[in-house]
Amino acid sequence: MNKNLTEILLCPHCKENLELTIIVGGEEVEGSGPMTPGSDVATGVLKCACGDSYPVIDGVPRLLEKGLRALPVFGESNQVEVESLGHQTDDYEYIRQSFSREEWSIFDYERDKTWGWTLEERIRVFMDDVALSRDQLGGKVLLDAGCGNGTLSAALSTLGMKVVGLDLNEGLGKAGHYKSRYARELSSNVEYVQGNVSNPPLKPGSFDLVYSSGVLHHTPDTKESFRQLVPLVKEGGRMYIWVYGRRNVLVRIYMDSGRQLKKVLSPKALLTACRLLAPFYKVGTEALDFLGVMTFRKRTVREITLDLFDAFAPQYNHRHTEEELKAWFKKEGFANITVSGKQKHGFGVYGDKGRSIFELQDPTTRLEDKGTPGRSTLQTTVLPAPLSPETPVSS
Ligand SMILES: C[S@@+](CC[C@H](N)C(=O)[O-])C[C@H]1O[C@@H](n2cnc3c(N)ncnc32)[C@H](O)[C@@H]1O
Ligand SMILES: [Zn+2]
């Protein structure tokens with residue numbers, strides 16, 4: 001992490017500022033660790049006046065509610081520094097939800113696509129979702145709330161944004177390690193924070209754009225998590241949320257059966273079950289696709305494994321309607337509330353907080369064509385070829 005990220009971080013417990021102590025600087029682990037050029041801190045401690053402290057591990061601030069106690073390994077390997085700050089590392093409990101740990105642990109940054117999309121497609125989907133052009137996004141600060149494997153967050157920096165990826169999962173150190181594959185020379189504009197979107201450890205008004213895709217319905221209370229993100233958007237900024245919609249009976253039966261497995265299996269065993277199911281799923285969906293019954297994106301067996309696990313494992317999988325979400329945005333005082341990013345399994349809504357900072361820009365740079373099927377309407381957008389090895393999809 002860069003030292004100046006501390007300026008927008010808050011203690012998740014009391015929402016006060018944090019003071020950074022660097023244990024290992026970024027430059028010292030050059031070539032051996034996850035640090036990329038421009039990083040100042042590989043290992044450190046963020047201390048709050050309330051008495052809580054939070055580790056920085058692999059260049060990622062870990063701002064979980066239970067602080068150091070949630071990460072015993074850190075306490076063991078940095079015992080002297082941690083104890084000198086007056087903290088005990090026992091009596092802890094992991095706060096992570098099981099799916100976030102297993103899910104991204106199998107993602108291969110060298111080879112895998114996320115959700116069957118190439119990076120270029122994901123950037124286009126993002127731009128369609130938020131209905132903003134490259135010119136409008138350039139120079140802005142984005143929060144990717146629930147950034148998953150962090151590849152999209154990193155890639156979005158190539159649009160000229162500073163990006164913070166927030167997620168509960170432990171694998172953000174790996175995301176940091178690989179961020180220059182996706183952000184290239186702009187990787188110092190990308191930061192990851194391990195934290196809870198339902199209690200974001202970030203300062204109000206820090207972001208021009210808050211984007212959360214496929215995340216809030218996995219929290220205990222989607223609406224409440226939405227409300228917690230609202231203050232992070234600065235005046236005139238935009239917020240975009242994508243959630244699961246209601247599905248037809250057949251899909252519900254399929255999903256519910258998969259989720260029955262979760263009730264009887266440990267996350268590890270469920271992952272194994274998904275690995276076993278994935279080849280059959282691949283053959284089945286490719287046959288349906290070939291016969292023209294339904295369309296599916298082409299994915300490898302491992303990518304399907306991850307998708308199946310993502311569908312079956314989460315503790316919460318709430319479903320919502322467009323009306324519900326639009327009402328939430330309205331209640332929070334958003335304007336220009338618009339449904340965007342409809343897919344067969346969900347939809348998104350965005351809104352602007354007061355007079356839009358994006359509208360103040362040259363209107364000729366605005367999107368002309370949005371909302372057509374396929375979520376990839378920015379055909380004219382010139383994107384740099386991704387450095388990632390993600391292979392193009394054929395569907
Ligand atoms: C389906 S993935 C979507 C990831 C990413 N937005 C994308 O589109 O690729 C859901 C992500 O939400 C994260 N998540 C779930 N609950 C969370 C919470 N309370 N706080 C932060 N992240 C959370 C999980 O760790 C997981 O990475
Ligand atoms: Zn505090």
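Reader: Which strands form a hairpin, and how many residues stand between them?
Author: The hairpin is formed by β10 and β11, with 2 residues between them. Strands here are DSSP runs of E with at least two residues, helices are runs of H or I with at least four, and both are numbered from the N terminus. This is a predicted model, in which local features need pLDDT of at least 70 and side-chain atom pairs count only at pLDDT 80 or more, while totals for chains, interfaces and linings use all residues. Residues are numbered from 1 along each chain as its sequence is written, and chains are lettered from A and ligands numbered from 1 in the order in which they are written.

Reader: In what sense do β10 and β11 pair?
Author: They pair in the antiparallel sense, over 6 bridges; pairing requires that DSSP finds at least two bridges between two strands. Within this pair, S340 stands opposite G348 in β11.

Reader: What is the order of the open sheet of 7 strands?
Author: The order is β7-β6-β5-β8-β9-β11-β10, with mixed pairing. The edges are taken by β7 and β10 (334-343); each has a single partner strand, so one side of each lacks a neighbour in the sheet. From one strand to the next, the twist averages 15 degrees.

Reader: How many bridges join β9 to β11?
Author: There are 7 bridges between β9 (residues 233-244) and β11 (residues 346-353), and the two strands run antiparallel. Y240 stands opposite Y350 in β11.

Reader: And what does α4 touch on that sheet?
Author: α4 packs on the sheet and touches β8 (207-213), β9, β10 and β11. Its direction makes about 115 degrees with that of β9. Axes are lines fitted to C-alpha atoms, for helices over the stretch in contact, and angles run from 0 to 180 degrees between N-to-C directions. Contact is counted when the C-beta atoms of two residues, placed from the backbone, lie within 7 Å.

Reader: Turning to β7, are its faces covered or open?
Author: Both faces are covered: V190, Y192 and Q194 on one side, and E191 and V193 on the other, are all buried. A residue counts as buried with 20 or more other C-beta atoms within 10 Å of its own, as exposed with 12 or fewer, and as partly exposed in between; these C-beta atoms are placed from the backbone. The partner β6 (residues 162-167) pairs with β7 in the parallel sense over 5 bridges, and V164 stands opposite E191 in β7.

Reader: Through which helix does the chain cross from β6 to β7?
Author: The chain passes through helix α7 (residues 172-183). Of the 12 residues in α7, 9 are buried, including L172, Y178 and Y182. The elements covering them include β4, α4 (119-130), α6 (151-156), β6 and β7. Just after α7, R184 takes a positive phi of about 55 degrees.

Reader: What is the strand order in the open sheet of 4 strands?
Author: That order is β1-β2-β3-β4, and the pairing is antiparallel. Here β1 (18-25) and β4 (60-61) are the edge strands, each with a single partner strand, so one side of each has no neighbour in the sheet. β1 pairs with β2 (residues 41-48) over 7 bridges in the antiparallel sense, and E19 stands opposite K47 in β2.

Reader: Lastly, at roughly what angle do the axes of α10 and α11 cross?
Author: The axes of α10 (residues 267-290) and α11 (residues 301-312) cross at roughly 120 degrees and come within 8 Å. Among the residues making the contact are L270, L277 and Y281 of α10, and I304, L308 and F312 of α11.

Technical notes. A crossover is right-handed if, with the strands pointing away from the viewer, the path from the first strand over the helix to the second runs clockwise.
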